[in-house]
Amino acid sequence: MKINLEFSGGLELLFDGLKQTSVVVEDSSLKNLFKKIESELITQNKELFLKDEKLRPGILVLINESDWELEGQYDYQLKDEDTIVLISTLHGG
Amino acid sequence: MFLKLNEIGDKIAIAASGGKDSTVLAHIMKLLNERYLNRKIFFHWLLQRYDYGLDLFLLSIDEGISGYRDDSLETVKRNQLEYQLPLKILSYKDLYDWSMDDIVKEIGRKNNCTFCGVFRRQALDRGAVMLGVDQIVTGHNADDIAETVLMNILRGDIARLQRCTFIKTKSEETIPRSKPFKYTYEKEIVMYAYFKKLDYFSTECIYSPNAYRGHARVFLKDLEAIRPSTILDIIHSGEAFETSAESNPTNVTVPGVCNRCGYMSSRDLCKACLLLEGLNRGLPKLGIGNTEKLRKKHLDEKEKSIGEYSSSKRTPGNPFIQNFNDLKLGSDLKKPL
């Protein structure tokens, strides 16, 4: 199934400025999606995204425009055409 | 606002960096100001409580950091057009004759944040005087303040420990500053900016990996995972700190003004002028760390000349700072000779 991804708030810098993309995954949880992003999409500073399989604090996740904390976080089961937005809350300003 | 930060008709400068916090702050101030101005005809009984009637300005400081501040100022300019607020930009280069790029070239990347912080504080006050505003509002959010409390505890900076949690500064001498987002989580601000599709600039300063704040931030996030109310708890702790005058010598120093630039200072020479003096004389360490010895060594013999060159005898090698008292409403910056 196809998952749409958006990166913003400075997080796109880890993906060479890529703001929007999509990936094809098998039935999987959000946790596995993050691992896939880490191994296949990130071009630099991997440690700023995941550490010990946990998302770095300060990165906000929206699942179809809804806070992931309301959706079961890492255990959320992805559906076809889900949109996952990842926003960094970098400092400054 | 509900905490009574400002009075009806106040002129307010919004310290705008182009980042998420100040962009959301400008958006919300503008929105609420207009919303409640228009309501006043219909809701007389709300007038006292809800009419803002504020005169809003954007105030930006250009530290002169290429690849960072120039881009973020473009964001501020776009926001200015969108929100239709007057914008004033002051640059370090014009004020001090040193941009941050120049300073880093001179002193390297260590301690450069000291210069930037001290210079910005004064630059904002100068801008506020030029705009003739009654108050400056900044975008500091709850996460920022909790981090600052932690940092002040770790540094043992008792004087700032309580002060950094005030929603509005209490000093009589300077233009009051307030932090309307004191209780607003960073997450809420980022979410708001995302859903409102606000245009903000999100790159970290190229000169500041800011390791120290970074540690406080990571620690705070770890605490929050264990105890979700941590951030507000820490702010509350900061507020509750009371220090006696004896244990807190900075509270009893007599406030005065800087001999050279007229800015509020507890010493003869304010921190900004001291740092500048160091830069201009090739002694950049002059204002950093424990300055007592260096101050004595290098400044005593110069004390006389300091008075001179702040008045008329400016030489090209000694760029001056315009005296604070000479700043006028609407005045533009004078260029150094």
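Author: A residue is called buried under 20% relative accessible area, exposed over 50%, and partly exposed in between (1.4 Å probe, protein chains only). The model discussed here is predicted, so local features need pLDDT of at least 70 and side-chain atom pairs count only at pLDDT 80 or more, while totals for chains, interfaces and linings use all residues. Residues are numbered from 1 along each chain as its sequence is written, and chains are lettered from A in the order in which they are written.

Reader: How many of the residues of strand β1 of chain B are buried?

Author: Strands (E, at least two residues) are DSSP runs, numbered from the N terminus. Four of the five residues of β1(B), residues 11-15, are buried, so this strand is largely enclosed by the rest of the structure.

Reader: How many residues of chain A are in contact with chain B?

Author: Contact means heavy atoms within 4.5 Å. On chain A 18 residues are in contact with 19 residues of chain B.

Reader: What is the count of salt bridges between chain A and chain B?

Author: A salt bridge is a side-chain nitrogen of Lys or Arg within 4 Å of a carboxyl oxygen of Asp or Glu. The count is two; one of them links A:Asp67 and B:Lys187, with the closest N and O atoms 2.6 Å apart.

Definitions and conventions. Side-chain values use heavy atoms; hydrogens and water are left out.
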